[in-house]
Amino acid sequence: MVIDIYKNKGEYPEPRLPQIEHSNILKGQKALVTGANSGIGKSVALGLAKAGADVVINYVVDNDNTVDQMIKEMQGYGAEAMGFQADVSQEDQVKPMFEAMFKKFGTIDILVNNAGIQRDAPIDQMTLSQWQQVIGVNLTGQFLCAREAVKEFKRRGVVEAVSCAAGKIICMSSVHEVIPWAGHVNYAASKGGIMQLMKSIAQEVAPYRIRVNSIGPGAIKTPINHAAWATPEAEKALLTLIPYQRVGVPDDIARVAVWLASDLADYITGTTIFVDGGMTLYPGFATGG
Ligand code: NAD
C-alpha cells in the first residue's frame, strides 16, 4: 500500500533539494565520466565541474548537441571540459580516450564508471547478443576504464596539493547488485558482477591510496526507465517499492558522487552506497511479511 503523504494536494510534487554549491571541493582534479551526456552521468559530470573538477564527457551518440552544451555550462563554472566519443566496451576505443585525456589534462584523479544499458527479455527468449551487449557495456566497460585509470593512479601516486588519495573510482551499480530482477538477468548479473569487481579492485589497490566504491541507485528518473515513471499510474506503482515515497532524480546521485570523490570521504573504500529511498529495505515486509 502506498501511503499518500500528499493526499491533500492530490499530487507528488518534486521536493526542494539542496543544490551542489559552486565550490572548490574538487579544485585541480581531473575527472572522466562515462555515458555522461544523459541521465545520471550528465548530472554527475556537471556536479563534478561545479565542485571545481575539469571533466571529460564520454559519450557514444550525441544527436542533440548535449555535449557542446555541457562543455559551455562547465566553462561557466570555471572548469575545463572536453567530450570524447568512445564505446566503453571496446578496448581499442577506451585506450585512446584515456590518451586524449592525459594529453589535454595531464592525468586523471576521478573516474566515474557510469555508462550502462538494459536489453530486457525473459530468460528463455534472451538472445546471446542481448546478454553480451549488457555484460559488455555494464561490466567489461567498467573493467577496461578502471584498468586504465589504475595504471595512471599508480604511476603518478598521491599529489597532496590535489587530494589525499592517488585516485578515486566510482562504479555506478544499482540496487540490482543485491535485488534479483526477473526479466532482466543480464542487467542484474552485470550489476552483481560490478559489486565484486569494485570490491576486488578496492582490496588490491588500497595500499596505493586508491579508493574504489560504488553508488547503487534505486529508481531515478532518466531515459533508461522512462516507462516506469512517465505516467501518474506508473509512478504510483513504482512508489510501492520505495519506502521514502518519492522517485529519485539524477541530482540525488550527483550530490553523493561529488562527496564520495572528495577528500570528505577519504576513509571510504570498497563499499556500495545505496541511494535508493529505502528500496533495498524489502518494503514488502513493512507490514509484517
Ligand atoms: P541513461 O540511458 O540516461 O544513460 C546511460 C548513458 O550511458 C547514456 O549516456 C548512454 O549513451 C551511455 N552509454 C550506453 N552505452 C554506452 C557505451 N557502449 N559506451 C559509452 N557510453 C554508453 O540511463 P541512466 O539511468 O542515467 O543510467 C546511468 C547508470 O546508472 C547506468 O549504469 C545504470 O545502470 C545506472 N542505474 C540507473 C538507475 C535508474 O533508475 N535510472 C538505477 C540504477 C542504476
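Student: In which segment does Tyr 282 lie?

Tutor: Tyr 282 lies in the segment after β7 (272-275). Helices (H or I, at least four residues) and strands (E, at least two) are DSSP runs, numbered from the N terminus. Please note that this is a predicted model, in which local features need pLDDT of at least 70, side-chain atom pairs count only at pLDDT 80 or more, and totals for chains, interfaces and linings use all residues. Residues are numbered from 1 along each chain as its sequence is written, and side-chain values use heavy atoms, with hydrogens and water left out.

Student: What is the value of phi at Tyr 282?

Tutor: Most residues other than glycine have a negative phi. Phi of Tyr 282 is near 50°, a positive value in a residue other than glycine. Asn 65 also has a positive phi, near 60°; Asn 65 lies in the loop between β2 (54-59) and α2 (66-76).

Student: Is Tyr 282 buried or exposed?

Tutor: Buried means under 20% relative accessible area, exposed over 50%, and partly exposed in between (1.4 Å probe, protein chains only). Tyr 282, at 61% relative accessibility, counts as exposed, while Asn 65, at 45%, counts as partly exposed.

Student: How many aromatic pairs does the structure hold?

Tutor: Rings of Phe, Tyr and Trp (its six-membered ring) pair if their centres lie within 6.5 Å; planes under 30 degrees apart count as stacked, over 60 as edge-to-face and the rest as tilted. The structure holds three such pairs. In one of them, the ring centres of Trp 181 and Tyr 187 are 5.6 Å apart and the planes stand at 70°, so this pair is edge-to-face. Trp 181 is partly exposed, at 28% relative accessible area, whereas Tyr 187 is buried, at 10%. The rings of Tyr 282 and Phe 285 have centres 6.4 Å apart and planes at 90°, so they too are edge-to-face.

Student: Which residues are closest to the ligand?

Tutor: A residue is near a molecule if one of its heavy atoms lies within 4 Å of it. Here 28 residues surround the ligand, and the closest are Ser 38, Asp 87, Asn 114, Tyr 187 and Thr 222.
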